[in-house]
Amino acid sequence: MTDLTYPTRLTDRIDELVQLAPVIPVLTIKRIEDAVPLAQALVAGGLPVLEVTLRSPVALQAIEAIAEQVPEAEVGAGTVLNPGDFDRAVAAGSRFIVSPGITGELLDHACTSSVPLLPGIQTVSELMEGIQRGYQRFKFFPAEIAGGTGALKAIAGPFADVRFCPTGGIRAHTAADYLALPNVMCVGGTWLAPNDLVEQGDWDAIRELARACSPH
Ligand code: 3PG
(Lines give C-alpha, C1' and ligand atoms only; values in the text may rest on other atoms or scores of the structure.)
Protein backbone atom coordinates (compact mmCIF):
# COMPACT_ATOMS: atom_id res chain seq x y z
CA MET A 1 0.00 0.00 0.00
CA THR A 2 1.42 3.35 -0.97
CA ASP A 3 -1.75 5.39 -1.37
CA LEU A 4 -2.45 6.25 2.26
CA THR A 5 -2.32 9.91 3.22
CA TYR A 6 -1.33 11.14 6.65
CA PRO A 7 -4.30 12.94 8.26
CA THR A 8 -3.98 16.68 8.93
CA ARG A 9 -5.38 16.21 12.43
CA LEU A 10 -2.29 14.20 13.39
CA THR A 11 0.00 16.98 12.15
CA ASP A 12 -2.09 19.35 14.28
CA ARG A 13 -1.59 17.04 17.25
CA ILE A 14 2.22 17.22 16.83
CA ASP A 15 1.93 21.00 16.70
CA GLU A 16 -0.05 21.00 19.97
CA LEU A 17 2.57 18.84 21.67
CA VAL A 18 5.50 21.03 20.68
CA GLN A 19 3.63 24.08 21.94
CA LEU A 20 4.01 22.58 25.43
CA ALA A 21 7.82 22.69 25.34
CA PRO A 22 10.44 23.36 22.65
CA VAL A 23 12.86 20.76 24.05
CA ILE A 24 12.11 17.03 24.20
CA PRO A 25 14.30 14.91 26.47
CA VAL A 26 15.23 11.62 24.78
CA LEU A 27 15.33 8.96 27.49
CA THR A 28 16.73 5.44 27.42
CA ILE A 29 15.52 4.02 30.72
CA LYS A 30 17.48 1.03 31.98
CA ARG A 31 15.87 0.52 35.42
CA ILE A 32 12.11 0.63 35.67
CA GLU A 33 12.27 2.28 39.09
CA ASP A 34 13.90 5.35 37.47
CA ALA A 35 11.00 5.98 35.07
CA VAL A 36 8.58 7.89 37.30
CA PRO A 37 11.06 10.04 39.30
CA LEU A 38 12.93 10.90 36.10
CA ALA A 39 9.73 11.98 34.37
CA GLN A 40 8.63 13.93 37.45
CA ALA A 41 11.97 15.78 37.57
CA LEU A 42 11.79 16.76 33.90
CA VAL A 43 8.17 17.89 34.22
CA ALA A 44 9.06 19.89 37.35
CA GLY A 45 11.85 21.52 35.32
CA GLY A 46 9.30 22.63 32.72
CA LEU A 47 9.74 19.93 30.06
CA PRO A 48 6.58 17.78 29.96
CA VAL A 49 7.04 16.18 26.50
CA LEU A 50 9.20 13.06 26.96
CA GLU A 51 10.47 10.55 24.42
CA VAL A 52 11.26 7.11 25.84
CA THR A 53 13.31 5.12 23.36
CA LEU A 54 12.58 1.45 22.73
CA ARG A 55 16.24 0.68 23.34
CA SER A 56 15.97 -1.12 26.65
CA PRO A 57 14.02 -4.14 27.84
CA VAL A 58 11.94 -2.01 30.23
CA ALA A 59 11.06 0.73 27.73
CA LEU A 60 7.40 -0.23 27.26
CA GLN A 61 6.95 -0.73 30.98
CA ALA A 62 8.52 2.69 31.57
CA ILE A 63 6.10 4.32 29.12
CA GLU A 64 3.20 2.62 30.87
CA ALA A 65 4.38 3.78 34.31
CA ILE A 66 4.89 7.38 33.19
CA ALA A 67 1.54 7.48 31.36
CA GLU A 68 -0.24 6.23 34.49
CA GLN A 69 1.67 7.94 37.26
CA VAL A 70 2.83 11.26 35.79
CA PRO A 71 -0.33 12.78 34.32
CA GLU A 72 1.37 16.12 33.59
CA ALA A 73 3.77 14.39 31.20
CA GLU A 74 3.10 13.75 27.52
CA VAL A 75 5.03 10.53 27.04
CA GLY A 76 5.91 9.19 23.61
CA ALA A 77 8.02 6.36 22.23
CA GLY A 78 11.22 6.75 20.23
CA THR A 79 13.34 4.36 18.18
CA VAL A 80 10.14 2.91 16.73
CA LEU A 81 11.30 0.95 13.69
CA ASN A 82 8.25 -0.93 12.39
CA PRO A 83 4.47 -1.33 12.77
CA GLY A 84 4.87 -3.90 15.54
CA ASP A 85 6.91 -1.47 17.65
CA PHE A 86 4.36 1.24 16.84
CA ASP A 87 1.43 -0.81 18.10
CA ARG A 88 3.20 -1.99 21.24
CA ALA A 89 4.20 1.59 22.05
CA VAL A 90 0.63 2.84 21.58
CA ALA A 91 -0.74 0.00 23.71
CA ALA A 92 1.67 1.03 26.49
CA GLY A 93 0.20 4.54 26.51
CA SER A 94 2.43 6.51 24.10
CA ARG A 95 0.85 9.76 22.98
CA PHE A 96 3.26 10.21 20.09
CA ILE A 97 5.70 8.04 18.18
CA VAL A 98 9.15 8.93 16.85
CA SER A 99 11.19 6.94 14.35
CA PRO A 100 14.84 7.56 13.43
CA GLY A 101 14.15 6.98 9.72
CA ILE A 102 11.33 6.15 7.33
CA THR A 103 10.02 3.01 5.70
CA GLY A 104 6.93 2.91 3.48
CA GLU A 105 5.46 0.33 5.83
CA LEU A 106 5.82 2.56 8.88
CA LEU A 107 4.57 5.71 7.13
CA ASP A 108 1.48 3.88 5.89
CA HIS A 109 0.83 2.22 9.24
CA ALA A 110 0.82 5.57 11.06
CA CYS A 111 -1.85 6.89 8.66
CA THR A 112 -4.30 4.42 10.21
CA SER A 113 -3.56 5.34 13.86
CA SER A 114 -4.96 8.01 16.14
CA VAL A 115 -1.48 8.59 17.59
CA PRO A 116 0.85 10.89 15.63
CA LEU A 117 4.18 9.82 14.13
CA LEU A 118 7.22 12.06 13.84
CA PRO A 119 9.22 10.26 11.17
CA GLY A 120 12.98 10.72 10.94
CA ILE A 121 14.65 11.94 7.77
CA GLN A 122 18.23 12.78 6.92
CA THR A 123 18.03 13.57 3.18
CA VAL A 124 15.87 15.67 0.88
CA SER A 125 14.74 12.55 -0.96
CA GLU A 126 13.49 10.98 2.27
CA LEU A 127 11.75 14.25 3.04
CA MET A 128 10.03 14.17 -0.36
CA GLU A 129 8.90 10.60 0.27
CA GLY A 130 7.26 11.70 3.53
CA ILE A 131 5.70 14.83 2.04
CA GLN A 132 4.22 12.75 -0.77
CA ARG A 133 2.33 10.76 1.87
CA GLY A 134 1.06 13.89 3.60
CA TYR A 135 3.63 14.31 6.37
CA GLN A 136 4.68 17.89 7.21
CA ARG A 137 6.53 17.40 10.52
CA PHE A 138 9.76 15.40 10.73
CA LYS A 139 12.57 14.47 13.04
CA PHE A 140 15.89 15.55 11.43
CA PHE A 141 18.38 12.89 12.46
CA PRO A 142 21.26 12.70 13.10
CA ALA A 143 21.14 16.49 13.02
CA GLU A 144 24.76 17.44 13.63
CA ILE A 145 26.17 14.78 11.29
CA ALA A 146 23.59 15.61 8.60
CA GLY A 147 24.66 19.24 8.35
CA GLY A 148 23.14 20.85 11.44
CA THR A 149 21.66 24.33 11.23
CA GLY A 150 23.24 24.95 7.80
CA ALA A 151 21.38 22.00 6.30
CA LEU A 152 18.09 23.08 7.86
CA LYS A 153 18.50 26.62 6.48
CA ALA A 154 19.13 25.21 3.00
CA ILE A 155 16.13 22.86 3.21
CA ALA A 156 13.85 25.77 4.16
CA GLY A 157 14.16 27.13 0.61
CA PRO A 158 12.33 24.41 -1.32
CA PHE A 159 10.32 23.11 1.66
CA ALA A 160 9.06 26.24 3.40
CA ASP A 161 5.99 24.64 5.01
CA VAL A 162 7.80 21.73 6.65
CA ARG A 163 8.85 21.86 10.32
CA PHE A 164 11.54 19.81 12.02
CA CYS A 165 12.56 18.42 15.36
CA PRO A 166 16.33 18.03 14.99
CA THR A 167 17.99 15.47 17.27
CA GLY A 168 21.36 13.81 17.35
CA GLY A 169 24.37 15.59 18.78
CA ILE A 170 22.45 18.62 20.09
CA ARG A 171 23.50 19.88 23.50
CA ALA A 172 22.46 22.65 25.90
CA HIS A 173 24.75 25.22 24.28
CA THR A 174 23.64 24.48 20.68
CA ALA A 175 19.88 24.01 21.18
CA ALA A 176 19.17 27.75 20.89
CA ASP A 177 20.86 27.97 17.47
CA TYR A 178 18.47 25.34 16.15
CA LEU A 179 15.42 26.83 17.87
CA ALA A 180 16.13 30.20 16.27
CA LEU A 181 15.42 28.75 12.80
CA PRO A 182 11.87 29.30 11.49
CA ASN A 183 11.58 25.69 10.29
CA VAL A 184 12.58 24.20 13.67
CA MET A 185 9.58 23.56 15.94
CA CYS A 186 11.51 21.86 18.76
CA VAL A 187 14.75 19.98 19.44
CA GLY A 188 15.39 16.67 21.18
CA GLY A 189 18.31 15.07 22.91
CA THR A 190 19.77 12.96 25.64
CA TRP A 191 21.70 15.73 27.38
CA LEU A 192 18.82 16.34 29.79
CA ALA A 193 19.16 12.95 31.45
CA PRO A 194 22.85 12.02 31.60
CA ASN A 195 23.50 8.41 32.56
CA ASP A 196 25.53 9.28 35.65
CA LEU A 197 22.82 11.51 37.13
CA VAL A 198 20.12 8.90 36.43
CA GLU A 199 22.25 6.15 37.98
CA GLN A 200 22.80 8.29 41.09
CA GLY A 201 19.11 9.21 41.23
CA ASP A 202 20.07 12.88 41.25
CA TRP A 203 16.61 14.11 40.26
CA ASP A 204 17.29 17.64 41.53
CA ALA A 205 20.20 18.01 39.10
CA ILE A 206 18.06 16.70 36.23
CA ARG A 207 15.27 19.11 37.14
CA GLU A 208 17.79 21.97 36.94
CA LEU A 209 19.08 20.79 33.54
CA ALA A 210 15.49 20.89 32.31
CA ARG A 211 14.85 24.26 33.87
CA ALA A 212 17.89 25.71 32.09
CA CYS A 213 16.22 25.19 28.70
CA SER A 214 12.58 25.46 29.65
CA PRO A 215 10.64 28.51 28.43
CA HIS A 216 8.56 28.63 31.65
C1 3PG B 1 17.83 10.23 19.27
O2 3PG B 1 17.38 9.10 19.11
O3 3PG B 1 17.18 11.24 19.10
C4 3PG B 1 19.29 10.35 19.61
O5 3PG B 1 19.79 9.18 20.09
C6 3PG B 1 19.60 11.53 20.45
O7 3PG B 1 20.82 11.31 21.09
P8 3PG B 1 21.85 12.48 21.42
O9 3PG B 1 21.09 13.67 21.90
O10 3PG B 1 22.74 11.91 22.50
O11 3PG B 1 22.65 12.74 20.18
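The model is predicted, with local features requiring pLDDT of at least 70 and side-chain atom pairs counted only at pLDDT 80 or more, whereas totals for chains, interfaces and linings use all residues. Residues are numbered from 1 along each chain as its sequence is written, and side-chain values use heavy atoms, with hydrogens and water left out.

For T190 the distance to an oxygen atom of the ligand is 2.5 Å. For K139 a polar side-chain atom is placed 2.8 Å from a ligand oxygen atom, and for T167 an N or O atom of the side chain is 2.8 Å from an oxygen atom of the ligand. The ligand taken alone exposes 320 Å², of which the protein buries 86% (Shrake-Rupley method, 1.4 Å probe).

Helix α3 spans residues 59-69, and its buried residues are A59, A62, I63, A65, I66 and A67. Buried denotes under 20% relative accessible area, with a 1.4 Å probe and protein chains only; helices (H or I, at least four residues) and strands (E, at least two) are DSSP runs numbered from the N terminus. The cover over these α3 residues includes α2 (35-44), β2 (49-53) and β3 (74-78).

T53 belongs to strand β2 and is buried, with a relative accessible area of 0%. Apart from its neighbours within four places in sequence, T53 contacts V26, L27, T28, A59, G78 and T79, where contact means heavy atoms within 4.5 Å. T79 is located in the loop between β3 and α4 (83-91). Although not a glycine, T79 has a positive phi of about 55 degrees. T79 is also buried, at a relative accessible area of 15%.

The peptide bond joining F141 and P142 is cis, with omega about -10 degrees. P142 sits in the loop between β7 (137-140) and α7 (148-156).

Notes. Polar contact = N/O pair within 3.5 Å; in protein donor to acceptor, adjacent residues only side chain to side chain. Buried < 20%, exposed > 50% of the residue type's maximum accessible area, 1.4 Å probe, protein only.
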